[in-house]
Amino acid sequence: MAIFCRELAGTMKLIKKVFGGVLLTFGSVLLLAIAVASVAEEDVKARTSLIAGGLILGLPPAVLGGWLVRSAQLQQQQEQRDRLRSAFLKLLKQGNGRITALQFSMATGLDGREAKTYLDERSREFSADFEVTENGDLFYRFNPGILQLPVNPITARLESSSFGPASGSTLSEATPPGTTFDVILETVPQNRKLEAIKIVRELTRLGLKEAKELVEAVPVPIKERVSDATAQEYKRKLEAIGATVMVIASD
């Protein structure tokens, strides 16, 4: 179901972009053609009518098409930022605050220069240190405290929210007894945020304002140190609306 939702969302984005491009091209060509025709028209009334007709017929599709194309570009840029931030946090979690540009490049598909630029920006944002190994490898060393990013007072409330593991939940057979998991909401489709807020409220019993702030802050922990069964339940419900959820073993 989650895969179908993601494929559907990708198809809708492509349709939106293509349709916007068609409208923009049609409107622009029509405006250009009428502009050329109006210059060649010697009769003032006919020229005025031609210009007015051109604006009525050509301007709306050009504006709408431009808006659709720009909207698709902004959405794609936001999804890329969310993807990079999610990979960044995941690698920090695995490396206990240490990360290299090569690791980030391999995880995200960015080239070496782009990966280094991204990590340089994060290092300035979070005042990271640098560490050079005997082999000459450069590590960005972040304070382990940022592994709880985004820093958000809601996270603290989640720990004391009045709910627990689902009744009768069991650990995966492949998981050592006693292992707990963190559930991280990584991305939420723009057109499914209301549904995501509703599900987060249902799972966490937070208020509307807190749940909305949580969804807007992705990537962010939804719940920490829960059983495997509970973590998978949260993941299943959120992925059903096209959200991206990561379940990782707690430290």
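Leu 55 is partly exposed, at 45% relative accessible area. Partly exposed falls between buried, under 20% relative accessible area, and exposed, over 50% (1.4 Å probe, protein chains only). Leu 55 belongs to helix α2, residues 44-95. Helices (H or I, at least four residues) and strands (E, at least two) are DSSP runs, numbered from the N terminus.

## Basis of the model

This is a predicted model: local features need pLDDT of at least 70, side-chain atom pairs count only at pLDDT 80 or more, and totals for chains, interfaces and linings use all residues. Residues are numbered from 1 along each chain as its sequence is written, and side-chain values use heavy atoms, without hydrogens or water.

## Aromatic pairs

The count is 4 aromatic pairs. Rings of Phe, Tyr and Trp (its six-membered ring) pair if their centres lie within 6.5 Å; planes under 30 degrees apart are stacked, over 60 edge-to-face, the rest tilted. Phe 88 and Tyr 118 pair edge-to-face, 6.1 Å centre to centre with 70° between the planes. Phe 88 is in helix α2 and Tyr 118 in helix α4 (residues 112-126), so this pair ties together parts 30 residues apart in sequence.

Phe 104 and Tyr 118 are stacked: 4.9 Å centre to centre, 15° between the planes. Phe 104 is buried at 0% relative accessibility; Tyr 118 is buried at 11%. Ring pairs link Phe 88, Phe 104, Tyr 118 and Phe 142 into a cluster.

## Charges over rings

Arg 122 lies over the face of Tyr 118, 4.7 Å from the ring centre. The charged end of Arg 98 sits over the ring of Phe 139, 3.9 Å from its centre. The rule: NZ of Lys or CZ of Arg within 6 Å of the ring centre and within 35 degrees of the ring normal.

## Ile 184 in strand β4

Ile 184 lies in strand β4, residues 181-187. Ile 184 counts as buried, at 15% relative accessibility. Ile 222 is 38 residues away in sequence, yet 5.6 Å away C-alpha to C-alpha.
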